[in-house]
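I opened my notebook to record what I looked up in this structure.

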Amino acid sequence: MGKVYRTVLFDGDNTLLDFDAAERQAVEKTLAARGFDPTPERVRAYAQINRALWDALYRGEVEQGWLLVERFRRLGKMLESTADPEAWNLEYTDALGECGAMLPGALELLKTLRPHCAIALVTNGQQAVQRKRLRDHPMLPYLDGVFISQELGVRKPEAAFFQTAITALGADPGTTLVVGDDLLSDIQGAVNAGLDSLWYAPHGGDSPLPTYRVRSLEEIPPIVLGTA
Ligand SMILES: [Mg+2]
């Protein structure tokens, strides 16, 4: 028997939720609204701009409010568009909130774990997007808590973010596991907070940071239940 976890803190985007699909749909919709053919190249260009800015945010180099508009200023510049980046971001955020699709196997994972441990969502995603998405969401009955960084005033990878969640849940840090796809926010955050972590890395990769690494969601229950 391995260690048994009593609380699991799940990241949302690209861990339980299919963020890539939601992002693609939202970018396509807002590109088309501005008269641009929503080609895969343009969607990919946006994703790269956005990713680089979020990485800069995690390194403490930029502010979130600036980032959200800046990504569309950069995309607009690339497309030689005069579209207002602020309005573009608002429209994009709205479209993003409409798509709450889960990754294959994610709901089954929550159902499997539910009888054995407390489950919470810990996300750095925008409050407006996450709240809109979670309204009547099928995963809600399986969650004991939802922690959104914009509402708490601290974000992953800050230790205080995870400590706030643990205190609110009345969880034991020694039997709490952080599960996420992002090394910078989720896994480094767990390390900062002194928690065990599980890196969901469907595309592979290597890092000395996580306690566990899996490539599929199906591998998670045996680790949480200590039967791996
Ligand atoms: Mg994620």
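**Entry: domains.** I noted at the start that this is a predicted model. I looked up the domain assignment of the chain. Domain 1 covers 7-18 + 102-225, and domain 2 covers 19-97. I then checked the spacing: the C-alpha centres of the two domains lie 25 Å apart. Domain 1 puts 12 residues into the contact, and domain 2 puts in nine residues.

Which elements give two or more residues to the side of domain 1 that touches domain 2? I found helix H6 (127-134) and helix H9 (183-193). H6 gives the most, with four residues. I also sorted the residues on this side of domain 1 by type: five are nonpolar, three polar and four charged.

**Entry: the sheet.** I traced six strands in an open sheet, and their order is E3-E2-E1-E4-E5-E6. The pairing is parallel. Strands of a sheet pair through backbone hydrogen bonds. Which strands stand at the edges? They are strand E3 (145-148) and strand E6 (212-214). Each has a single partner strand, so one side of each is left without a neighbour in the sheet. From one strand to the next, the twist averages 20°.

I looked at one pair in detail. Strand E5 (residues 196-200) and E6 run parallel and are joined by three bridges. Opposite arginine 213 in E6 I found tryptophan 199.

**Entry: helices H8 and H9.** I followed helix H8 over the sheet. H8 lies across strand E1 (7-10), strand E2 (118-123), E3 and strand E4 (176-180). H8 runs at about 155° to E3.

Next I compared H8 (residues 159-169) with H9. Their axes come within 8 Å and cross at roughly 75°. The two helices are therefore roughly perpendicular to each other. From H8, the contact uses Ala159, Phe161, Phe162 and Gln163. From H9, the contact uses Gly189, Ala190, Asn192 and Ala193.

**Entry: leucine 53.** I located leucine 53 in helix H2 (residues 40-58). Is leucine 53 buried, exposed or partly exposed? I counted 18 other C-beta atoms within 10 Å of leucine 53. Buried would need 20 or more, and exposed 12 or fewer. Leucine 53 is therefore partly exposed.

I listed its contacts too, leaving out residues up to four places away in sequence: leucine 53 touches Val62, Leu67, Glu70 and Arg71. Last, I checked a pair. Leucine 53 and threonine 211 are 158 residues apart in sequence. In space they are 27 Å apart, C-alpha to C-alpha.

Note on methods: Residues numbered from 1 in each chain as written. Predicted model: local features only at pLDDT ≥ 70, side-chain atom pairs only at ≥ 80, totals over all residues. Domains from an automatic or database assignment. Contact = placed C-beta atoms within 7 Å. Nonpolar A, V, L, I, M, F, W, Y, C, P; charged D, E, K, R; others polar. Axes fitted to C-alpha atoms, helices over the stretch in contact; angles between N-to-C directions. Parallel < 35°, antiparallel > 145°, perpendicular 65-115°, else oblique. Pairing = 2+ DSSP bridges.
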